[in-house]
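Colleague: Could you take me through how to read the overall form of a model, and then one of its helices and one of its residues?

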Amino acid sequence: MGPRQQLSMFADAINRLTAAVGRGAAWCVLFITLVQVAVVLLRYALGLGSIWLQESIIYGHATLFMLAAAWTLQVDRHVRVDVFYGEAAPHRKALVDAFGAVVFLFPFCIVLLWFSLPYVARSYAILERSRETSGLPLVFVLKSLIPLFAILLAVQGLAQLIRSVLVLAGTRGDGAERAE
């Protein structure tokens, strides 16, 4: 097995991890929907309110977006201006992807990780909880999603960079030679 195949297998492993995390996070949509329906029914049918339920919707929403972002990058559903990219040849797309990962994605992830770690550590140190008296007591756990988001996004960016390098090196990224 050559180095190109090893790199491709490594990128495949990252893709599987990212997809598994993304699919798991996608279940938050069902959770958010059911809890929101419960909040509405409790409020308007029974005249009851629940800060726990309202905050759990926020937690579910944050979890969904923070954990599914890398999967969104993997399946190419993130926001991109397709003026130069949309109809480009695979080689040009690989250049754009590699450039974007190295110049924009990795620095963003590094800066986010750098600033979020002390922020999350402070939150854990005081076991931060909701500002609401009867709110959820796990704000520190929610804040842990920020560095996890940066790590997942950077790791998926690495897989994207590997695929781009393989395309630029003359393979499709799956170990097979590109047909010219």
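This is a predicted model: local features need pLDDT of at least 70, side-chain atom pairs count only at pLDDT 80 or more; totals for chains, interfaces and linings use all residues.

Colleague: Is Ser123 buried or exposed?

Modeller: Buried means under 20% relative accessible area. Ser123 has a relative accessible area of 1%, so it is buried. Leaving aside neighbours within four places in sequence, Ser123 is in contact with Glu128, Val139, Phe140 and Lys143.

Colleague: Which secondary structure elements does the protein chain have, and in what order do they run?

Modeller: The protein chain has five helices and zero strands, and from the N terminus on the elements run α-α-α-α-α. Along the principal axes, its C-alpha atoms fill a box of roughly 70 × 35 × 35 Å.

Colleague: What span does helix α5 reach, and how many of its residues are buried?

Modeller: The span of a helix can be compared with the one expected at 1.5 Å a residue. Helix α5, with 24 residues (145–168), reaches 34 Å from its first C-alpha to its last, close to the expected 34 Å. Because 17 of the 24 residues of α5 are buried, this helix is largely enclosed by the rest of the structure. After α5 comes Gly170, whose phi is positive, near 105°.

Methods
Residues are numbered from 1 along each chain as its sequence is written. Side-chain values use heavy atoms; hydrogens and water are left out. Helices (H or I, at least four residues) and strands (E, at least two) are DSSP runs, numbered from the N terminus. The expected span of a helix is 1.5 Å times one less than its number of residues. Buried means under 20% relative accessible area, exposed over 50%, partly exposed in between (1.4 Å probe, protein chains only). Contact means heavy atoms within 4.5 Å.
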